[in-house]
Amino acid sequence: MALRLATRSVFAGSVRRLYSQATATAAATSAAESTAESAAEAPASTGTPSAPTSSQPEPQTKPTSRNHAAITSRHLDYMVPTYSRPPIVFKKGYGSWMTDVEGRRYLDFTAGIAVNALGHSPPTLAKIIHKQALKLMHASNLYFNEWTGQLCELLVEKTRAMGGMHDASSVFVCNSGSEANEAAIKFSRKVGKVLDPTGAKHEIVSFHGSFHGRTMGSLSATPNPKYQDPFSPMVPGFRYGKYNDVAAVHDLVTEQTCGVLVEPIQGEGGVNVATNEFLTALAKRCREVGAVLIYDEIQCGLMRTGMLWAHSKLPKEAHPDIITSAKALGNGFPIGATITNRFVSDKIKIGDHGTTYGGNPLACRAAHWVVEQLTDPDLQKQVIQKGNSLKGALGRLHRKFPDLISEVRGRGLILGLQLTQDPSPIVDLARNEGLLIITCGTNTLRFVPPLNIGAQELRKGITRLTRAINIFLGNDPMHTLKSNGTQEGAHEEPQN
């Protein structure tokens, strides 16, 4: 026993010494980086942030540990290999721009996969998060807090007022999009069990080309072998249909169906837009058989189409019983929401579902401010205008490169450029030009920039994309990297 205690004492002392050394190193590193970090600060604003400025120049010599190769090689040893990433490390973002650890700046047309709708690091949001963190971050759902109910009320009232689900009544707050869909699936199963206690009414219908998440329930609703096969068998009780096939709806949705889960615009599946006729037919059939209609608006919702919800343009009879939301809801702070009407919520009882972190006051305070900004009528007009501008520019690329580009799809600022071949090389070339874009579906480039991106930034992005395409096609023999090895155009200052 004495030996064991002595060993523990020596080990604890070693840990304390290592911790002290690490703390000292971190403090020194923080001090060395303070000048560079100050460049990212700006006055509070809810619009597009202006270019960062600093009275002190950024140090010319960077520590070796901040180089891409050094950081990625070290980090990869400790990270489960679930992602394929390019060999760059980002340090900060501001507005529509991101900066890597070597000082290169990139125009971001991805917005963290449609998350940073108000751009990177809005100063007002940062201050709100800081202020709330000093008051109360978490108390669990054993108690009420100031902000969960306020966020739920805001989501319900704005949804009703801005043409969305007209009978929205209540909200379950969680932490992510996949969790929001899991809640929707569970709620649908509960509705089915209440309507038919035998349990026969338990099937969930979803559609090919969809993406609803990676947890087992939402994954079971995502009929893509790439995602499902490594984890099969899936949860039983899921059926799959063809997207936009109106004629198949009657036989697909039956008396055994408790819920239908559909994206008004399939983001991951290739920016495929559901027709009004298809969604209307789904809603009608759901009402005939008593099934819950779920609109997954995790990517296409919250003003990305120029309307609060992508379904807001539909007549009331095509409105859903549940809306799932996440991504832009926290502008980067993790939060999700499942918005229901009384057909659903009246059948949910205490203890039917829950979450430890979901609805915490810090996330809800942040999301409350974000929703207030996203429902600004001026922003709505800007998204429509910018969406039309970007779609027009992509259309011109279609006409310029007809052998490469076959179609432009989408609404507002969720747009897809369908290519005739693998777009991955163009993504890499665009990044070399200082532009971040992503793929989706089959051979599709996806564009989901911040909603408050500037008009000049949109034009700059199209210029860089055009150059990348020309290089890919071999139409730009003059293309060379700068002698110092940095990307051409990557050091340009952000424009409002």
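**Exercise 1. Determine how α4 passes α12, and describe the packing of the two helices.**

Step 1. α4 passes α12 in a right-handed crossing; a crossing is right-handed if the near helix is turned clockwise from the far one by less than a right angle, and left-handed if anticlockwise. Helices are DSSP runs of H or I with at least four residues, strands are E runs with at least two, and both are numbered from the N terminus. The model is predicted: local features need pLDDT of at least 70, side-chain atom pairs count only at pLDDT 80 or more, and totals for chains, interfaces and linings use all residues. Residues are numbered from 1 along each chain as its sequence is written, and side-chain values use heavy atoms, with hydrogens and water left out.

Step 2. The axes of α4 (residues 123-135) and α12 (residues 361-374) are 9 Å apart, at an angle of about 155°. Axes are lines fitted to C-alpha atoms over the stretch in contact, and angles run from 0 to 180 degrees between N-to-C directions.

Step 3. α4 is therefore roughly antiparallel to α12 (under 35 degrees is roughly parallel, over 145 roughly antiparallel, 65 to 115 roughly perpendicular, the rest oblique).

Step 4. On the α4 side, T124, L125, I128, I129, Q132 and A133 meet P361, L362, R365, A366, W369 and V370 of α12; contact means heavy atoms within 4.5 Å.

**Exercise 2. Describe how α15 packs with α13 and with α14.**

Step 1. The α13 (residues 377-400) and α15 axes come within 11 Å and cross at roughly 20°. α13 is therefore roughly parallel to α15, and their crossing is right-handed.

Step 2. Residues K386, L390, A393, L394, L397 and K400 of α13 meet L458, I462, L465, T466, I469 and N470 of α15.

Step 3. For α14 (residues 424-432) and α15 (residues 455-472), the axes come within 8 Å and cross at roughly 125°. The two helices are therefore oblique to each other. P425, I426, L429 and A430 of α14 make the contact with L465, A468, I469, I471 and F472 of α15.

**Exercise 3. Locate the cis peptide bond and the positive phi of S140.**

Step 1. Most residues other than glycine have a negative phi, and most peptide bonds are trans.

Step 2. The cis bond joins S232 and P233, with omega about 5°. P233 lies in the loop between α8 and β6.

Step 3. S140 has a phi near 80° and lies in the loop between α4 and α5 (148-161).
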